[in-house]
Structure formats: structure tokens, C-alpha cells
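My notes follow, in the order I went.

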Amino acid sequence: MTQPISILLCALGGEGGGVLADWLVDAARHAGYPAQATSVPGVAQRTGATTYYLEVFPTHSRALGGQRPVFGLNPLPGRLDLLVSSELLETARQTALGLCSADRTCVVSASNRALTTQEKMQLGDGRLDDAALVQLLQQHSRTSHVLDMAALTRQAGTVVSATMLGCIAASGVLPMQRADYEAAILDGHATGNASQQASLRGFALGLDAVQQQRTQSRYVDAVLAPVADPTGSAADAPALPEGVAALFPAAVHTMLRLGHARLMDYQGTDYAALYVQRLQAVWTAEQAGAHGQSRATEEAARWLALWMAFDDIVRVADLKSRASRLQRVRDEVKAKADDVVKLYDHFKPGVPEFAGLLPNALAERLMAWEQRRVAAGKAPLGLPIKVGTHTVGGLLLLRFLSSLRGLRRFGHRYAQEQALITEWLAAVEAGARAHPALGLALAQCGRLIKGYGSTHTRGRDNLLHIVRHLAHGAVFDSPQARAQAIDQAREAALRDEAGQALDLTLRAHGAPAREVRAQPIRWMPRVRAPHADKG
């Protein structure tokens, strides 16, 4: 008995999943095949995409003799013929639900990822392994096509649904011809408007990409190719000053160039020169310990640049008032050229934010006064501010704050961060002289510095505790054993935000547990996510 061909489409918000479903139904009916589509809305925060379930009866309407097939409203486990998704983890999630089968299902998926909230919350690298996800698709599908749909979509200047339609047409699962799909996109027009022409380009690129994979029988390699090459970002960064690159081995040049550009943008030429000077000291120490090694210098180049460009109220104001940021927001809300976008940012700066720009003496007095207030049971002071970044007044306020960059080097926060950076780098240099593994382990502790507010303070305290009690103090049989203990402590700190795993690891190696602050002092501006109104 002939059964309908079952198709499940998975798309994230704003990707045109509904349009794609309509195109497929229109293409099937244009070719003379009965079809039906239903949809199940997804929910927020990437816990699920909006799914569209379609069934196409592979017998032409003329051959049915007036009879109508009975279609289902939802996919059945193991009975899916085609699964199409615009996001790799979503494809794997649908596969894990048992909808696919190794003897029946063709899977077409983008290799692109939209990170989940859980992945973003991890202190370390919480991203799932793309290769493992692709392997899951292979194990539970008859054929699989994984490709960079986002790149094809950008090339065509359209939305991903058009690219997905081309991939579906090339999969060979459905009986329609290319002309049927193109007719659905044109919707009765002879040539089509600009939007339809862009959709046709995306359709053609998706179709060609899958056809090429089918010809070459290379269904997995495509997911490995789109991995970003860091040298691409470095190529866009300003060139290093003459002679700087020659001071370091080639393996360090990419990160050195990115770090130097970041600090030029952050504080200027002198600050970027300080970065090079500090990194050169690490490189010299590493050569003294093991000539030819550069791993510790490579890691220090990355994490030193991030720590030196710490976020403060000046940095936040600078980033939020840039023209590129407004354009990014317009792109995210899909504003047209004649749309008015109103952008509001919410701030709540407190005493730590203002004290950070004051000289040490004034800042310490102000912070001591705030600590006494908090100790007496009062809430920390904070000034809620709503800034309309789209307005002249709001933009001028942010630009004024960003213009205070010159005062940063005279402030309490700057002095404090530089002293702690110096302490960390001194440990890295001493460790590199003692053994390459020890220098590398201490350099990689820079991963603990991230975020702002309590997250930044906690990571900084964890790093310094590891340096002070494992790089120094605790007794180990060899530098390698000390490096191993530091690696274990660092990974424990990244794994557990509360720090319990870190405390256990510290005690296991004879180091004291951390002192937990009852009332942590914020050093960074508390900034809520912006919202944009499109009118």
C-alpha cells in the first residue's frame, strides 16, 4: 500500500519555517501531488524550534480517480522519511526523540549552531561537540547531508528557508521537479521581485551543495570545513608596529596581533606596548626554561589581552554607542531602511562603578563607606538609569562616558587590576623557567578571568588563590606534579560556579580552601540586556 512521504521541518524563530512549509505544499500541488502541512510552535530560550510536519502523497492526483488520501497530523517514531533542520543541535534533538531510523530517514541539517542557554552559562567551554552530533545523525539515518547553510544564505542575500528548500529538492526524497519548487517561490509571477529572486538564488545554492555531496558521497566533511580560522580575524586587525612580530615565534603572531589590536582600541598605543612588553617577558622566561617551547606564551597572549581589556563603565559606554552596534540591533530585529528603531539600555551603576574611576585614596574611602552600609543590613546603592541610545541626548551621555578613557589609568580599578595581572604573570614566568608544563598550566589559569561584576571578581579570586597556594606554598615532588595540581584546580573552578569542587581539589593537594565573601563587592556595571522597539 502506498504511504505518504513524511517530512519534518525544524526552524528557529525568524528563519521563515512557515514560508518553507507553504513552499513545499505549493510545489507538491503544482506538480499534482496531494499534500498537507501542520505546525507545532516552539518555546523561548532555545528549548525547541517551531516544527512543521508535512505529508506528500507520491501518487499523482489524476491516478487517484477522485479518491483523497488520509494524512497524519504528527510524525511517528521511526516513520520519518525526511528530517530538515536549520540548526545542528536541533537536528540531533529530534533524532534523539526517536523520529529517525537508520533504514528510512534522510537527514538534511545545517552545521550551524545557536548556543543554548545552558551552554552559555558554563564558566568554561560549555559547547557541545559538533563532531559527536554529526556522528549521532549518521548512526540514525539512511543518508545525511550536513552543510553550512548560513554561509550559503549570506551568499544569496536571502533567508535560510530558501536554502533549505534547495536542499530538500536535491535530497531526492520528494517526487517534485526543480521547476515545481521555483514556481512555488515565484508564486505566479513571471520573473519575481527582488525578494523572490534572492530566494531563487538561495534555493539554487542549497540544491547544488546537496547534489555535490550526493555525487561525492561526503556527508560529514562539510561540518568540519566551516570551523572558523582565527587567522581570518587577525587579517582584519591593524598591523603590528614594525619589529614587534620578530620578537616572537610564528605560533604567537595570530593571537599577538589580535591582542595588540584589542588593547589599541581599549586604551591606546602605550597600553598596547605594555601588553607586548609583558608578553615578551613571558617569552624570555619560557626560552630560559625550555628553548623552542612557546605554548605558555601563546596562552598568555590570549588571556592577558582579555584581562587587560577589563570591562568598566567607560568600556560599556563605548561599545554601546558605536554605530556598528546600532546596525547589529537593526539587523537582529530585521528593520527595513525606513523603519524607526528605538533602542533603550538599562544601567544600574553603584558605588564600585564610580569608585573605579577615582584615585585610590578617594575610592578606598568611598568603598569603605559602602561596606559599612552593607554590613549594617542596607542594600547596596545603585542608580537605575534608562538611556535611549537612539536619541541625541542618550547617545551624547554614552559618548561622554566613553570619553573618560584617559582617566582610567589614574583610577582605583585600573591600579588594582594591573597589580593582580603583574602577580599572575610573575607566577607564569617563574613556572615557565622551572618547567614548560608548569608555565603552561599557570598561563591557562587566565581562562578564569571572564565576565563582569561578581563573575569577574569570583574568577579573579579563584585564579589568585590557585597561584598563591598551588604555584607557591604547597609542596610537590616535581614541577610536573605541581602543574597537574594547577590543571585540576583550574578545571574544577570552571566546572562549579559555587566553588565547592575547587575547594575539594585544593584540600586534596594540601592547599587551604577559599575564603567565601559574605557580601561580595561588585566592581563592574550591572547592565541589563537592551530591548529595541521597531516602529
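I began with helix 14 (residues 313-320), where 7 of the 8 residues are buried, so to speak mostly covered. Buried here means under 20% relative accessible area, with exposed over 50% and partly exposed in between (1.4 Å probe, protein chains only). I listed the buried ones: Ile 313, Val 314, Arg 315, Val 316, Ala 317, Asp 318 and Lys 320. Helices (H or I, at least four residues) and strands (E, at least two) are DSSP runs, numbered from the N terminus.

I noted the ground rules. This is a predicted model, in which local features need pLDDT of at least 70 and side-chain atom pairs count only at pLDDT 80 or more, while totals for chains, interfaces and linings use all residues. Residues are numbered from 1 along each chain as its sequence is written, and side-chain values use heavy atoms, with hydrogens and water left out.

Next I checked helix 20 (residues 436-444). It has 7 of its 9 residues buried, so it is largely enclosed by the rest of the structure. Those residues are Leu 438, Gly 439, Leu 440, Ala 441, Leu 442, Ala 443 and Gln 444. I looked for what covers them and found, among others, helix 13 (295-308), helix 19 (412-434), helix 21 (453-471) and helix 22 (479-495). Contact means heavy atoms within 4.5 Å.

I found 6 strands in an open sheet, order 2-3-1-4-5-6, with mixed pairing. Two strands pair if DSSP finds at least two bridges between them. The edges are strand 2 (35-40) and strand 6 (143-147), each pairing on one side only. Strand 5 (residues 106-110) pairs with strand 6 in the parallel sense over 5 bridges. I saw Cys 106 opposite Thr 143 in strand 6. Helix 2 (residues 88-96) packs on the sheet, touching strand 1 (5-11), strand 3 (50-56), strand 4 (82-85) and strand 5, and its direction makes about 150 degrees with that of strand 4. Axes are lines fitted to C-alpha atoms, for helices over the stretch in contact, and angles run from 0 to 180 degrees between N-to-C directions.

Last, I looked at one helix pair. The axes of helix 1 (residues 17-31) and helix 7 (residues 178-186) come within 8 Å and cross at roughly 125 degrees. The two helices are therefore oblique to each other (under 35 degrees is roughly parallel, over 145 roughly antiparallel, 65 to 115 roughly perpendicular, the rest oblique).
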